[in-house]
Amino acid sequence: MRQGLGAKLGIGWRLHGDGSTPRPGEAVAPDERLSWGRTVGLGAQHVVAMFGATFVFPVLMGLDPNLAIMVSGVATILFLLIVQGKIPSYLGSSASFVGVVAVIRAGGGDSSAVTGALLVCALVLSVVGLVIHFVGAQVVHRLLPPAVSGAVVMLIGFNLAPVVASTYWPQDQWIALITMLVVLGCSALLRGFWSRIAVFIGLVVGYALSWLFDLGFGPITAPDASGEVGTHPRLDLSAVADAPWFGLPTLHAPTFDFAAVVVVLPVVIALIAENAGHVKAVEEMTGAKLDGSMGRAIFADGFASTLSTAVGGPPTTTYAENIGVMAATRVYSTAAYWVAAVVAILFGLCPKFGAVIAATPGGVLGGITVVLYGMIGLLGAKIWVENKVDFGNPVNLLPLAAGLVMGIGGVSLEITPQFSLNGIALGTLVTLLGYHLLRLLVPGQRGHSAV
């Protein structure tokens, strides 16, 4: 009985061979493991792979990075249980929400309003996952063809350009420039695992340079995050000394603001596309058919994000960085992810570590975000290219063109004096509704390929 339950939950692992490194051409399956010593080492590698992004994104959203690290471990355990160990993945902080959170904060929203909107989005994603589980994965491909999902991902990234220009970059343009160049150099010149953590390397270098610039040149006179110009150190570590070594991260309850929810909801489309892509990537690597588990995976992501945002943390998503580690090692064992999750939970219980991260200078964030936001946008173009979207077809071209300009340019549509649609929300609606409406109205398009 106990073994049957363990197998059903995906927490029983057979030893692969003699437990040493798999032989050439072999792979370690999700329900297998190497020796526990090697499994712990692989788990540590997964921690390093997810670590940079998992604490950078909550910093950009103004949320507690310590809490983000801890809930990523909890979220990963929940994900593995829900998918019954069939999809080895790590759930870290999601980048897809960085832009919409910046919009909410620019409109005066605080952290509780931010997490309230994120929680609603997570609940919607959970419901979508349940629908996909019972109806089938084909509903995703019909509602969100590559033309539409690529456009939504693109406008989510490029909508952030004004945030970089007005909030982060002006705080210290030279540190921002150096940090950006380090990220670009590491991405292009380094190989394998090191190129995947280029953003993390850029953050560490920019952090250290800010400290050295303070020593060598003194405080800087520049705007702070609120835009107020003043003289202050680039790196302020005063809160680090007061933070304890051990303790719970800062928690807060969400509040719900309708305008903030409307801004966030379009991100659901990007999350569905992202999760579906990661499931397909794991399917290709492992050789297992996972379409039947796609609904579970999307529900698990939404459910874990709901729990995280309910206590003040960021939403989560499956991580491509860790999928890359699996591709390099050919070890798909979920046991390594359990190890990584437990380590992340322990990291989250160190407030002093969180204080160090929270002190990241604005100029460093400027250098990181100018690359990161552009990368998010270009992922949309990557979806188009890989799926050979036909822009000679006006059903693809016209609604996407209109939606992108509206979303990126910040066009606003006033519904009532108290409520208006703009930015990402308006751009997504125009793209999604315009695409499907034209497919119904244009002769010959109803039976035409969705690409």
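The exercises below work through one predicted protein model.

Residues are numbered from 1 along each chain as its sequence is written. In this predicted model, local features need pLDDT of at least 70 and side-chain atom pairs count only at pLDDT 80 or more, while totals for chains, interfaces and linings use all residues; side-chain values use heavy atoms, with hydrogens and water left out.

**Exercise 1. The whole chain**

Task: state how many helices and strands the protein chain has, and what percentage of its residues count as buried.

Solution. 
- Step 1. Helices (H or I, at least four residues) and strands (E, at least two) are DSSP runs, numbered from the N terminus. The protein chain has 21 helices and 8 strands.
- Step 2. Buried means under 20% relative accessible area, exposed over 50%, and partly exposed in between (1.4 Å probe, protein chains only). Of the 451 residues, 52% count as buried.
- Step 3. A contact means heavy atoms within 4.5 Å. Among contacts with a separation of 6 or more, 76% involve residues 24 or more positions apart.

**Exercise 2. Two aromatic pairs**

Task: describe the geometry of the pair Trp 13 and Trp 36, then that of Phe 299 and Phe 303.

Solution. 
- Step 1. Rings of Phe, Tyr and Trp (its six-membered ring) pair if their centres lie within 6.5 Å; planes under 30 degrees apart count as stacked, over 60 as edge-to-face and the rest as tilted. By this rule there are 4 aromatic pairs.
- Step 2. Trp 13 and Trp 36 are edge-to-face, at 6.0 Å centre to centre with 85° between the planes. Trp 13 lies in the loop between helix H1 (2–9) and strand S1 (14–15), and Trp 36 in helix H2 (residues 36–61), so the pair ties together parts that are 23 residues apart in sequence.
- Step 3. Trp 13 is partly exposed at 22% relative accessible area, and Trp 36 is partly exposed at 42%.
- Step 4. Phe 299 and Phe 303 are stacked, at 5.8 Å centre to centre with 15° between the planes. Both lie in helix H15, 4 residues apart, about one turn of the helix.

**Exercise 3. The position of Glu 32**

Task: decide whether Glu 32 is buried or exposed, and find its contacts.

Solution. 
- Step 1. Glu 32 is in strand S2 (residues 32–33).
- Step 2. Its relative accessible area is 12%, so Glu 32 is buried.
- Step 3. Beyond its neighbours within four places, Glu 32 contacts Trp 13, Arg 14, His 16, Ala 27 and Ser 333.
- Step 4. Ser 333 is 301 residues away along the chain, with 5.6 Å between the C-alpha atoms of Glu 32 and Ser 333.
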